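Hi,

Here is the structure I said I would pass on. Have a look at it first, and then read my notes below.

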2 protein chains.
Amino acid sequence: MALGRFACIVLAMPNLADIRAAHAIIRPHIHRTPVLTSSSLNREFGLELFFKCENFQKIGAFKARGATHAVLTASAAEVQGGVVTHSSGNHAAAIARAAALRGVPGYIVMPSNAPRVKVESVQRYGGRITFCEPTAAARAQAAAQLQDETGAVLIHPFDNDAVIAGQGTAALELLEAVPDLTAIAAPVGGGGLMSGTALAATELKPGIEVWAAEPALADDAARSLESGVLQPPADSTTIADGLRTGLSERTFRILQGRLKGVARAPEELIATAMHRVWQTMKILIEPSAAVPLAALLAGTLPARGRLGVILTGGNVEPRWP
Amino acid sequence: MALGRFACIVLAMPNLADIRAAHAIIRPHIHRTPVLTSSSLNREFGLELFFKCENFQKIGAFKARGATHAVLTASAAEVQGGVVTHSSGNHAAAIARAAALRGVPGYIVMPSNAPRVKVESVQRYGGRITFCEPTAAARAQAAAQLQDETGAVLIHPFDNDAVIAGQGTAALELLEAVPDLTAIAAPVGGGGLMSGTALAATELKPGIEVWAAEPALADDAARSLESGVLQPPADSTTIADGLRTGLSERTFRILQGRLKGVARAPEELIATAMHRVWQTMKILIEPSAAVPLAALLAGTLPARGRLGVILTGGNVEPRWP
């Protein structure tokens, strides 16, 4: 879509009122997660950090927010055949749980090589799993076939305004808990959380710096926002597997003009940052959640002021002994 | 020591007033750790669990309580040469930190094969490390030599009333947070925490069940309390390395008559229980801290009522990827 220099279009997108409304709807069904601080990490990084612990959220990740909001606010006609998604990650468990809350079938398409723990997580919430070949095409086809057969509605993991408004409630709670933040940072993959965060934060607190953080190995959001043209994601091997996805037109449009910047995190610092949080704070976070801290370590995210960081999830299975 | 049937002796031991006094002294220097619950674990175990999260304590373990109390309440004459200990575990870091708080040298004797992370932890708090051969005799000798050379006072990790009173503050806080517990459980090694817990709980809430939990591979406390005669610890290979120590006469005497029982945890369930907590609660606990839950899994600790469990520490280094 090319816009002329003087073209002006008004595109609807969720605003703070939508995010507050989403919060009222999902609040009974999610945790108001704590905001933790660490004097050790503050000393080490040279700023004041406030961690919004979505690793303690239902299903172990912020995805419970958006999925719950989207499923609970869909019309009865839309969900009468159930809901379907083809995420293999945290969104899958979130949709399974939200469908159970709504009392409709939750169909989850998962690749045949999905880790056992993810399969079990979806099953625990009552999700009905269809396995498919581990390709994007096979997943999309299986989901489309399920929609045809069951009438279930597809809930996209990020390209969905209700999902985005739900994800924005994490930043809302964080800014309610720590109103004098000077900056807020979150990881960016498809951009659902980042969009909700940017929308909530910039409207609640004009002037706050909103930072996205992204693995350098999956920097499509940085390339898109720097070039002004949506860039497709490259195949990525980053360990931050939740962030391999690219932005959609919708999330790209929301993020344009709302971010202070996109900080790239060198791959080797992602695990380092994750382990620092484990060791210092004694909480489990997954690799994707460590990306903003990895960017701080690398200096691509500037260390200053009072920075809120959304620790997006804790679904990782460390080994010991 | 054999007592005749009608012998009666009065032996001083810390009481609730001592534990409250200890709390007043150490409170500014420790965390009031949170009490967390998990609806998933409650469902799984079939009772109501309340976890006192000492993994979030300063130095990552409850040991900060007793060490701080002992070092801060020692007389100026006692500590003018500093303090010394020969623990290689959490007590070492706790003494190093407490010595720094008091402004006196903290000498720590550690085996030459101590894990790097433990050495770094002691160094971070300013502890002065003397390495020795990795035998109990070498450690004791090195500590004695340091006492001679420096005049430092030895702070034993558990055979010390001030340490025991300090450890009792964890149960005090737990029962303040959840007054209607029906039972409380903690792991037992040397018995410092267990003694403080039993003293605090039975005096605060007569009738509460106090359970110790112990690796089956290091069950000297169970054997001692069952036989009525203090049993020496066997060499143990349990992964709950903090619990390989045996009781002292002092802690044995305190625990006699104050425990509902000592529950043995099968070795293979300790890691299982630890991983269940990691995965469900997204918090890191060390193997020793998982022993009460492992006993619950085994059924040696009965699953009923409202059970407070002290999660003793989080100093473990899991691997990922």
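If you want to colour the contact, pick Arg65(A), Gly66(A), Ala67(A), Thr68(A), His69(A), Ala70(A) and Thr73(A) on the α3(A) side. From α8(A), the partners are Ala162(A), Val163(A), Ile164(A), Ala165(A), Gly166(A), Gln167(A), Thr169(A) and Ala170(A). Sorted by class, the contact of α3(A) with α8(A) has seven nonpolar residues, seven polar ones and one charged.

Before going further, please keep in mind that this is a predicted model.

Now for chain A as a whole. Its secondary structure comes to 13 helices and 10 strands. The radius of gyration of chain A is 19 Å, close to the 20 Å that the globule rule gives for 321 residues, so the chain is as compact as a globular protein of that length. Taken along the principal axes, the C-alpha atoms of chain A fill a box of roughly 65 × 55 × 40 Å.

Next, the two chains together. How is chain B superposed on chain A? A rotation of 180° does it, with 0.0 Å of shift along the axis and an RMSD of 0.0 Å. The two copies are thus related as by a two-fold rotation axis.

As for the interface, 14 residues of chain B are in contact with 14 residues of chain A. On the chain B side, they divide into nine nonpolar, three polar and two charged. The copies meet through the same surface, because 100% of the interface residues of chain B are also interface residues in chain A.

Chain B has a helix pair to look at too. Helix α3 (residues 63-73) and helix α5 (residues 90-102) of chain B have axes that come within 8 Å and cross at roughly 40°. That makes α3(B) oblique to α5(B), and their crossing is right-handed. In α3(B), the residues involved are Lys63(B), Ala64(B), Ala67(B), Thr68(B), Val71(B) and Leu72(B). They meet a set in α5(B) that includes Asn90(B), His91(B), Ala94(B), Ile95(B) and Arg97(B). By class, the contact of α3(B) with α5(B) has nine nonpolar, three polar and three charged residues.

Finally, some backbone details. Most residues other than glycine have a negative phi, and most peptide bonds are trans. Against that background, have a look at Lys282(A), whose phi is near 60°, a positive value in a residue other than glycine. Lys282(A) sits in the loop between α12 (267-281) and α13 (291-298) of chain A.

Then there is the cis peptide bond between Trp320(A) and Pro321(A), with omega about 0°. Pro321(A) is in the segment after β10 (306-311) of chain A. In chain B, a cis peptide bond likewise joins Trp320(B) and Pro321(B), with omega about 0°, and Pro321(B) lies in the segment after β10 (306-311) of that chain.

Cheers

Methods: Residues numbered from 1 in each chain as written. Chains lettered and ligands numbered in written order. Predicted model: local features only at pLDDT ≥ 70, side-chain atom pairs only at ≥ 80, totals over all residues. Contact = placed C-beta atoms within 7 Å. Helix = DSSP H or I, 4+ residues; strand = E, 2+ residues; numbered from the N terminus. Nonpolar A, V, L, I, M, F, W, Y, C, P; charged D, E, K, R; others polar. Least-squares fit on C-alpha atoms with pLDDT ≥ 70 in both. Rg over C-alpha atoms; globule rule 2.2 N^0.38 Å. Axes fitted to C-alpha atoms, helices over the stretch in contact; angles between N-to-C directions. Parallel < 35°, antiparallel > 145°, perpendicular 65-115°, else oblique. Left-handed = near helix turned anticlockwise from the far one by under 90°.
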